[in-house]
Amino acid sequence: MQKRYMFGLLRVMVLLIACSFVVLLPQTANAVEPKTAAVNAAVEAISELPPVSQIVAVDQIVIVRVAEARALVEKAREEHFAVDADFPNLADLLLAERRVARVFAIHFAKEAVRALPPREELTPADRPAVVEARRLVNIAIEEHGVTPFELCWPYDALIDAEDQMDEFEPEPEPAPVPEVRQPTPPTGGLSGLLPAGSLLLFSGTVTLIFKQRKRRHRGFKKRCCAKGG
């Protein structure tokens, strides 16, 4: 009896385990399938991009395709936690994005220079436009490795415009000469005090002499009275 009970319990456990596999496996498959589909869609979009060597101008179709491939990669990352290793051709997308950015940099730099008036028509009011054109040209050269040869004649036109701006520079004004303050001439106040001081000194001296003589006179008078008495 006990063996039958143990056998029945074992059958129940096996049945439960089998049911759990039946329930969990479809869920796992459903969880993996969307990620695989998202990654495959991104990989396929990248594989359909043109070679980098053929991206030489601002082509709207190519730009859209590069943007769509990037969007699919980011969707697989954000929604299905895909990583770089899931995309075997991700490097091709990075190269295409850099080339598109380079093409745009050249385009913006050339357009900024083309918008400038001819050198003979430039005025000081065109200085901000010349500065902006130089900024865009520097971005193309310094950040995207564009050469002056690739910019062609707009590069030379920008140099001419900058030279013309230099001719408009006003001559520097001479530095102001520091003001040297001269000593204030005497106004007569000090010269007026000197006689007054001398007079006070003289009167003090006379008073002192007078007092000393008066004291001597009193002493002599006392001595004479004493002798006469």
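H4 and H6 are oblique to each other. Their axes cross at roughly 140° and come within 10 Å; an angle over 145 degrees would count as roughly antiparallel. The model described here is predicted.

Helix H6 covers residues 153–167, and H4 passes H6 in a left-handed crossing. On the H4 side, the residues that meet H6 are Arg127, Val130, Ala133, Arg134, Val137 and Ile141. Their partners in H6 are Tyr155, Leu158, Ile159, Ala161, Glu162 and Met165.

A second pair is formed by helix H2, residues 60–80, and H3, which pack at an angle of about 135° with axes 10 Å apart. That angle makes H2 oblique to H3. The crossing of H2 past H3 is left-handed. H2 contributes Ile63, Val66, Ala69, Arg70, Val73 and Arg77 to the contact, and H3 contributes Leu90, Leu93, Leu94, Ala96, Glu97, Val100 and Phe104.

The axis values for the two pairs are set out below.

| Helix pair | Angle between axes | Axis separation |
|---|---|---|
| H2 and H3 | about 135° | 10 Å apart |
| H4 and H6 | roughly 140° | within 10 Å |

Between helix H3 (90–114) and helix H4 (127–144) runs a loop that holds Asp126. Asp126 is buried but has no salt bridge. The nearest side chain of opposite charge belongs to Arg127, 9.8 Å away, whereas a salt bridge requires the charged atoms to lie within 4 Å. Leaving aside residues up to four places away in sequence, Asp126 touches Pro117, Glu121 and Met165. Met165 is also one of the H6 residues that meet H4.

Technical notes
Residues numbered from 1 in each chain as written. Predicted model: local features only at pLDDT ≥ 70, side-chain atom pairs only at ≥ 80, totals over all residues. Heavy atoms only, no water. Helix = DSSP H or I, 4+ residues; strand = E, 2+ residues; numbered from the N terminus. Buried < 20%, exposed > 50% of the residue type's maximum accessible area, 1.4 Å probe, protein only. Lys, Arg positive; Asp, Glu negative; His and termini not counted. Contact = heavy atoms within 4.5 Å. Axes fitted to C-alpha atoms, helices over the stretch in contact; angles between N-to-C directions. Parallel < 35°, antiparallel > 145°, perpendicular 65-115°, else oblique. Left-handed = near helix turned anticlockwise from the far one by under 90°.
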